[in-house]
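Have the sequence and the model open side by side. The paragraphs below are meant to be read while turning the structure.

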Amino acid sequence: MERGTLQHVPRSIKSSTDMQFKDQFLQKLKYAKRIVFFTGAGISAESGIATFRGADGIWNKMKPEELANFDAFMKNPDLVWEWYQHRRDIIHKVQPNTGHFAIAEFEKFYDVTVVTQNIDNLHKRAGSSKIYELHGNIERNYCVDCYESYNTPNFELTNTAPRCEKCGGLVRPDVVWFGEMLPQDELESGDKAAAWSDICFVVGTSAVVYPAAYIPMSAKKGGSYVVEINLERTELSRSVDYSIYGKSGEILPQILEQAKNLRTDL
Ligand code: BV8
Ligand code: ZN
């Protein structure tokens, strides 16, 4: 077992309070004030949205460079637009899962900040109120020339790349592509929240995409107790305080149950 991190592989989860967590974590949970949830594609997997890497990851079928970048879009706008339209169609058919809803409910007991790499809008739909979207949001679009916004639901989505009504420029998804800067205010606010947090949950991310993957390191540097929730070990596992292996949609509601009991004793 890796020194410094206690791993917890829960038995098959039956009831809502079936899992035992280590005391040090429960103590942190009892007295924490500020909690950050740093999330990646894994938290949306149980909603039916494919992740990027790992077994059924969408990047396996294509390279990010092929579609998730500006040059690819300018070279073949309809192909890239169609790929995002396909992902939007999927997102519109699914619901947030128990993991998203548990994070929203944590707000009843803590000062919660969600810092997400996801563009699927599911944290918002689940009711979280303080969200920093590091890689944008697939429901928003803008003109590459005049930056006019074209956001759903009022903007009629088409299968080919739409043109700006104001200037005729190409309309693109408001997501951060490879080689593009992240929205600085979101990144700085997310980084600050992590550095000031008492607990930073790192949920469903392979932690390989930068600069987003610096967020848990800022939390660690700021003295936060970093808890990783994932199906498997990641790049981050060696530097977190606690790894809990399993599905976030099952683990997060159980941690919430524990928090409710601990906080009512306060
Ligand atoms: C930039 C939006 C430079 C589009 C995405 C160091 C510093 C800075 C940059 C770099 C750097 N090193 C390399 C770079 C370049 C690059 C990068 O990081 N490359 C990586 C691949 C090596 N970074 C960039 O290009 C960034 N831009 O830095 O620009 C710059 C600087 C100045 C001026 C100009 C430019 C931009 C990166 C953003 C790219 N956009 N997406 C879209 O979605 O189409 S990235 C994409 O990856 C998604 O946003 C996704 O969220 C993100 C991270 O992936 P994960 O969320 O972690 O998902 P993944 O599938 O990998 O993992 C899922 C995990 O969940 C797994 O661990 C799995 O086990 C787990 N899981 C699955 N099911 C469950 C589960 N866990 C729990 N429960 C379950 N049920
Ligand atoms: Zn325009």
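This is a predicted model: local features need pLDDT of at least 70, side-chain atom pairs count only at pLDDT 80 or more; totals for chains, interfaces and linings use all residues.

Residues are numbered from 1 along each chain as its sequence is written, chains are lettered from A and ligands numbered from 1 in the order in which they are written, and side-chain values use heavy atoms, with hydrogens and water left out.

Start at the zinc ion (ligand 2). Cys-143, Cys-146, Cys-164 and Cys-167 coordinate this ion through their SG atoms, at 2.2 to 2.3 Å. Donors here are N, O and S atoms within 2.8 Å of the metal (3.2 Å for Na, K and Ca); water is not among the atoms, so sites may look incomplete. Along the chain the donors are spaced C-x2-C-x17-C-x2-C. The angles among the four donor atoms run from 100 to 118 degrees, and the site is tetrahedral. Cys-164 counts as buried because its relative accessibility is 5%. Cys-167 has 42%, so it counts as partly exposed. The cut-offs are under 20% relative accessible area for buried, over 50% for exposed, and partly exposed in between (1.4 Å probe, protein chains only).

Move on to ligand 1. It is surrounded by 35 residues, and the closest are Arg-53, Tyr-84, Arg-87, Thr-205 and Ser-206. A residue is near a molecule if one of its heavy atoms lies within 4 Å of it. Some polar contacts can be picked out. A polar backbone atom of Ala-41 is 2.8 Å from an oxygen atom of the ligand. For a polar backbone atom of Gly-204, the distance to a ligand 1 oxygen is 3.3 Å. Glu-232 uses a polar side-chain atom, 3.5 Å from an oxygen of ligand 1. A polar contact is a pair of N or O atoms within 3.5 Å; within protein, one must be able to donate a hydrogen and the other to accept it, and residues adjacent in sequence count only if both atoms are side-chain atoms.

Now find helix α9, residues 248–264. Its 17 residues reach 24 Å from first C-alpha to last, close to the 24 Å expected at 1.5 Å a residue. That expected span is 1.5 Å times one less than the number of residues. Helices (H or I, at least four residues) and strands (E, at least two) are DSSP runs, numbered from the N terminus. Buried residues of α9 include Ile-251, Leu-252, Ile-255, Leu-256, Ala-259 and Leu-262. An α-helix has 3.6 residues a turn, so residues three or four places apart point the same way. The cover over the buried residues of α9 includes α1 (23–31), β2 (34–39), α5 (98–105), β7 (199–203), β8 (225–230) and β9 (242–245). Strand β9 holds Tyr-245, which counts as buried because its relative accessibility is 9%.

Asn-137 sits in strand β5, residues 136–143. It is buried because its relative accessible area is 2%. Its side chain makes a polar contact of 2.8 Å with the side chain of Asn-121. The side chain of Asn-137 also reaches the backbone nitrogen of Glu-139, at 2.7 Å. Beyond its neighbours within four places in sequence, Asn-137 is in contact (heavy atoms within 4.5 Å) with Ile-119, Asn-121, Lys-124, Asp-174 and Val-175.

Backbone geometry comes last. Most residues other than glycine have a negative phi, and most peptide bonds are trans. Thr-152 and Pro-153 are joined by a cis peptide bond, with omega about 5 degrees. Pro-153 is in the loop between β5 and β6 (171–175). Tyr-147 lies in the loop between β5 and β6. Its phi is positive, about 65 degrees, although it is not a glycine. Tyr-147 is exposed because its relative accessible area is 58%.

The loop between β7 and α8 (215–221) contains Pro-211. The bond from Tyr-210 to Pro-211 is cis, with omega near 0 degrees. Ala-207 is found in the loop between β7 and α8. Its phi is positive, near 55 degrees. Ala-207 counts as buried because its relative accessibility is 4%.

Key:
Four donors count as tetrahedral if all angles lie between 85 and 135 degrees; four count as square planar and six as octahedral if opposite donors are over 155 degrees apart and all others between 65 and 115; anything else is irregular.
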